[in-house]
Amino acid sequence: MKWKTKDADVFLKSGEYVDSILIPLTPVSFSHEFKSSVTMSEYTELLTSEIERQLHGRLFLSPNFTYVKDESSMDLLTSFIEHVKNSGHFKHIFLMTSDVYWKEFEQQLSGQLFWVPALPLETMDEKYKLEVIKEQVKPLFQLIFNDWQRSINS
């Protein structure tokens with residue numbers, strides 16, 4: 001389910017089945033990191049869209065958490081995650097990024113961080129790009145399924 005009105009209606013009617021949220025973390029930079037932040041954002045969007053497509057009905061795709069890398073980024077993300085947790089809707093919080101910046105905060109995050117380095121997709125054929133994305137999300141599905149299984153067993 002996505003951050004769209006029609007999905008919001010379905011979520012409100014059957015939210016008890018949607019116990020997981022996927023939050024894309026996307027950097028914004030208009031300085032020397034401009035191109036790499038665009039690449040990371042695009043790649044993260046493709047991965048999260050594919051995960052949502054395949055897990056529609058069980059996972060909610062959050063709007064992007066867009067940030068500028070500075071000392072307030074972690075505090076803002078922590079506040080956002082607390083808001084998600086306090087909603088009472090989601091038992092599983094997954095964060096997706098192509099920005100290695102978040103790896104240093106991984107232990108402090110309340111949620112499971114998926115870091116996947118961005119591949120340069122702009123020159124790829126659309127069909128091949130889709131194949132690459134599908135291959136990239138396969139191990140992420142296993143991590144999600146493992147998290148779900150742990151909560152069943154505990």
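**Figure 1. Overall fold of the chain.** The chain holds four helices and five strands, where helices (H or I, at least four residues) and strands (E, at least two) are DSSP runs numbered from the N terminus. Followed along the sequence, these elements give the pattern α-β-α-β-β-α-β-β-α. The radius of gyration, taken over C-alpha atoms, is 16 Å, close to the 15 Å that the globule rule gives for 154 residues, so the chain is as compact as a globular protein of that length; the rule itself is 2.2 Å times the number of residues to the power 0.38. The model is a predicted one, in which local features need pLDDT of at least 70 and side-chain atom pairs count only at pLDDT 80 or more, while totals for chains, interfaces and linings use all residues. Residues are numbered from 1 along each chain as its sequence is written, and side-chain values use heavy atoms, with hydrogens and water left out.

Figure 2. Along its principal axes the C-alpha trace spans about 45 × 40 × 30 Å. The accessible surface, from the Shrake-Rupley method with a 1.4 Å probe and, for residues, with only the protein chains shown counting as cover, comes to about 8900 Å², and 55% of it belongs to carbon and sulfur atoms. Buried residues make up 42% of the 154 residues, with buried meaning under 20% relative accessible area, exposed over 50%, and partly exposed in between (1.4 Å probe, protein chains only). Of the contacts (heavy atoms within 4.5 Å) between residues at least 6 apart in sequence, 72% join residues at least 24 apart. The mean positions of the 16 positive and 22 negative charges are 7 Å apart; Lys and Arg count as positive and Asp and Glu as negative, without His and the chain ends, and each charge is placed at NZ of Lys, CZ of Arg, CG of Asp or CD of Glu.

**Figure 3. The nonpolar cores.** A nonpolar core is a set of buried Ala, Val, Leu, Ile, Met, Phe, Trp, Tyr and Cys residues joined through side-chain atoms within 4.5 Å. In the largest one, which has 21 residues, Ile23, Leu25, Leu77, Leu95 and Trp102 touch the most other members. Strand S1 (20-27), strand S3 (65-67), helix H3 (73-86) and strand S4 (92-97) each supply at least two residues of this core, and the largest share, four residues, comes from H3. Not counting residues up to four places away in sequence, Leu77 touches Leu25, Phe65, Leu95, Trp102 and Leu109. A second, separate core of 18 residues includes Leu22, Leu47, Leu55 and Val116.

**Figure 4. Surroundings of threonine 44.** Threonine 44 is found in helix H2 (residues 34-54) and, at 0% relative accessibility, counts as buried. When its neighbours within four places in sequence are left aside, threonine 44 is in contact with Pro24, Leu25, Thr26, Met96, Thr97 and Ser98.

**Figure 5. Surroundings of lysine 69.** Lysine 69 is found in the loop between S3 and H3, where its relative accessibility of 33% makes this residue count as partly exposed. Beyond its neighbours within four places in sequence, lysine 69 is in contact with Glu33, Asp99 and Tyr101. Tyrosine 101 is 32 residues from lysine 69 in sequence, and the two are 8.1 Å apart in space, C-alpha to C-alpha.

**Figure 6. Two residues of helix H1.** Valine 10 has its place in helix H1 (residues 5-14) and counts as partly exposed at 40% relative accessibility; its C-alpha atom is separated by 8.9 Å from that of glycine 57, 47 residues apart along the chain. Lysine 13, also found in helix H1, counts as exposed at 71% relative accessibility. The C-alpha atoms of lysine 13 and serine 110, 97 residues apart along the chain, are separated by 27 Å.
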